[in-house]
Amino acid sequence: MRKDVRILLVGEPKVGKTSLIMSLVSEEFPDVVPYRAEEITIPADVTPERVPTHIVDYSDAEQTDEQLFQEIAKANVICIVYSVNNKKSIEKVTSYWIPLITENTDKDSRVPLILVGNKSDLVDHSSMETILPIMNQYCEIETCVECSAKNLKNISELFYYAQKAVLHPTGPLYCPEKKDMKPLCVKALTRIFKVSDLDNDGILNDNELNFFQRTCFNTPLEPQALEDVKNVVRKNLIDGVFDNGLTLKGFLFLHTLFIQRGRHETTWTVLRRFGYDDDLELNQDYLFPPLKIPPDCTTELNHNAYLFLQSVFDKHDKDRDCALSPEELKDLFDIFPYMPWGPDVNNTVCTNDEGWITYQGYLSQWTLTTYLDVQRCLEYLGYLGYSIVAEQESQAAGITVTRDKKIDLQKKQTQRSVFQCNIFGDIASGKSGFLQGFLGRNLMRQKTIKEEHKSYYAISTTYVYGQEKYLLLHEVFPDFEYLSDADLACDIVCLVYDVSNPYSFEYCTKVFKQYFMDSKTPCMMIAAKSDLPEVKQAYGCSPLEFCRRHKMPPPQSFTCNTTAEPCRDIYTKLTTMAMHPHARLRCMCTCNRCTFCLCQNFLNSELLQTVRAKLYAVVLRRQLSQADLTSSTFWLRASVGASVFAVLGFAMYRALLKTR
């Protein structure tokens, strides 16, 4: 909505333009009328629409044609004043003023016109019979008001209609010739209907209508008023009401009726609540609300946003197979101005056997968009009506900005849920296979992927110590001389080499030494295509020795040439290393069988925490209370704790001895 309104009054001399302005301001007819009134600004709290209003007068005795043209260009609405007792002033409306205004305004932005018949106190008849054909001829004429500056008749109404013509224009909504709404208006209202149809059954039931009413007008409809609305639609439209709910045709009919009866402010209130501007385009402030993201911070969807997206998925998954078919996906994005997901998305997230995006894949794609391009995510959530349905101030309420990664490293813990792993490797080293393996696709399924549908990203969930995390894999183009900051910004680096190619490993060593040897980013070496015979790498040392020298985990074998889905353990290790970059451990798995996992379970046990707290108290106080000395439970816990520490020490000693 506009922040202010500028009204210009034009017309023949002596028709009462200045008198109208002065009568409005002083609320009485002036004894002395100047040639021209100075520009007047009416404060927002005085006007019905709560918008500051500037009223500008014109006088050919004091102003040039050039000044008139400038005022016409600046005006938001123009009132053409004529005298109801002067036929010549009426004729001038069509012969002079409307053509003059048309010539000096932009063709793409039509300025609304108000015809004002002044001096109605001097005649007993109305001029509307003469004016109606003019109104039908020119669609830019919003309305006609007959008034009297002397009797103060319809003065405030005149300026109210002028305001209304700017703030709630009829032009973008309705075509008088066709007596129907314009296509852009129909398109906008169709989106609003589909967003409000929370169960996607094609009708607005009573609960959905009341939700819509509260959203737009801050008050629900009484049951009788709701029934009256539906009865009006029933009488005028056969298929406007179905199963006691309002159909799309009925919804559009109601708004057509509002506009035809001069209540187009009702339609504009609905449109603006759902983010539309005066041109019936979604407002940029609505689509892209402000969101501050400090350096080294990432963006994730919060719990409320995931719940909303889950409801959108359930709404369109009509066959309840936990996957979106192409038709269901098209229906979901029908309210978007374009199709946001291309064929590459099916090779970025998990799909079912038919190639349809699963529920997990659907949420994964939204997570990827939020992480890589949060502005695009805000835009998409805006199209879906997140702020409306979730009753939030804007889409930004669904985004969590994580804390600085440096703080995570200092505190040695993180609350993040999404971790990025950049994949480096020479051409044909197996990077793409590693990405697709994460999505559960073996070599046979990967061969069916078309080259033009190939994706350089893959995202899915892994579980680290019972916590669900998203791992985002990104294949970096193999040109290490020109790696950008975006290529290097990640939580963990994956260096992939082909065990059957003797020159494949050397590329990984060059990338590591040039970019990651002195960084704090953890790295892991992947021995891809492990199903093929391994050859000696043409490098100064073996991959295992290289990893030992640089304190990296040993190379992890991987192959996607399997009959079933490739093993996912390696992806869990990557996520664990990304979550704990400070932990330089040989084993980073979650098997609950190895030394590392057993140590973690022991250290996190309630028994060990209790014993440690008691021992700390003893060391700090250097004395024991009488209750502790006589407590058999305390001595039992102390002895068990000592035994646990002994077992842990022996296990760690064996582990270190084995690695050496």
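This is a predicted model: local features need pLDDT of at least 70, side-chain atom pairs count only at pLDDT 80 or more; totals for chains, interfaces and linings use all residues.
## The annotated segment and the chain around it

The feature "domain: EF-hand" is placed at residues 304-339 by UniProt, in an unreviewed entry.

The protein chain as a whole has 27 helices and 21 strands, and buried residues make up 48% of its 660 residues. Among the contacts in the protein chain with a separation of 6 or more, 69% come from residues 24 or more positions apart. The chain exposes about 34,300 Å², of which carbon and sulfur atoms supply 52%.

## Aromatic pairs

A search of the whole structure finds 29 aromatic pairs. In one of them, the ring centres of F434 and Y571 are 4.9 Å apart and the ring planes lie at 40 degrees, so the pair is tilted, given that planes under 30 degrees apart count as stacked and those over 60 as edge-to-face. F434 belongs to helix α18 (residues 431-438) and Y571 to helix α23 (residues 569-579), so this pair ties together parts that are 137 residues apart in sequence. Both partners are buried, F434 with a relative accessible area of 1% and Y571 with a relative accessible area of 0%.

The aromatic pair of Y497 and F505 is edge-to-face, with 5.2 Å from centre to centre and 75 degrees between the planes. Here too the two residues count as buried, Y497 at 2% relative accessibility and F505 at 0%. Elsewhere, ring pairs link F313, F333, F336, Y338, W341, Y359, Y362, W366, Y380 and Y383 into a cluster. A ring can also face a charge, as with Y96, where the charged end of K92 sits over the ring at 5.4 Å from its centre.

## Salt bridges between separate elements

The count of salt bridges comes to 17. In one of these, the side chains of E39 and R6 meet with an N to O distance of 3.2 Å. E39 lies in the loop between α1 (17-26) and β2 (40-42), whereas R6 lies in strand β1 (residues 5-11), so the pair ties together parts that are 33 residues apart in sequence.

The two partners differ in burial class, because residues under 20% relative accessible area count as buried: E39 is partly exposed at 41%, while R6 is buried at 14%. Together with E71 and K74, the residues R6 and E39 are linked in a network of salt bridges.

## Salt bridges within a helix

Which residues form a salt bridge with closest N and O atoms 3.9 Å apart? They are K230 and E227, and both lie in helix α8 (residues 223-236), 3 residues apart, which is about one turn of the helix. K230 counts as buried at 1% relative accessibility, whereas E227 is partly exposed, with a relative accessible area of 27%.

The side chains of E379 and R376 also meet in a salt bridge, at 3.7 Å from N to O. E379 and R376 are 3 residues apart in helix α15 (residues 374-384), so about one helical turn separates them. In this pair the acidic residue, E379, counts as buried at 9% relative accessibility, and R376 counts as partly exposed at 36%.

Note on methods: Residues are numbered from 1 along each chain as its sequence is written. Side-chain values use heavy atoms; hydrogens and water are left out. Rings of Phe, Tyr and Trp (its six-membered ring) pair if their centres lie within 6.5 Å; planes under 30 degrees apart count as stacked, over 60 as edge-to-face and the rest as tilted. Helices (H or I, at least four residues) and strands (E, at least two) are DSSP runs, numbered from the N terminus. Buried means under 20% relative accessible area, exposed over 50%, partly exposed in between (1.4 Å probe, protein chains only). A charge sits over a ring if NZ of Lys or CZ of Arg is within 6 Å of the ring centre and within 35 degrees of the ring normal. Contact means heavy atoms within 4.5 Å. Accessible areas come from the Shrake-Rupley method with a 1.4 Å probe; for residues, only the protein chains shown count as cover. UniProt positions are given in the numbering used here, feature names are shortened, and annotations may be inferred rather than shown by experiment. A salt bridge is a side-chain nitrogen of Lys or Arg within 4 Å of a carboxyl oxygen of Asp or Glu.
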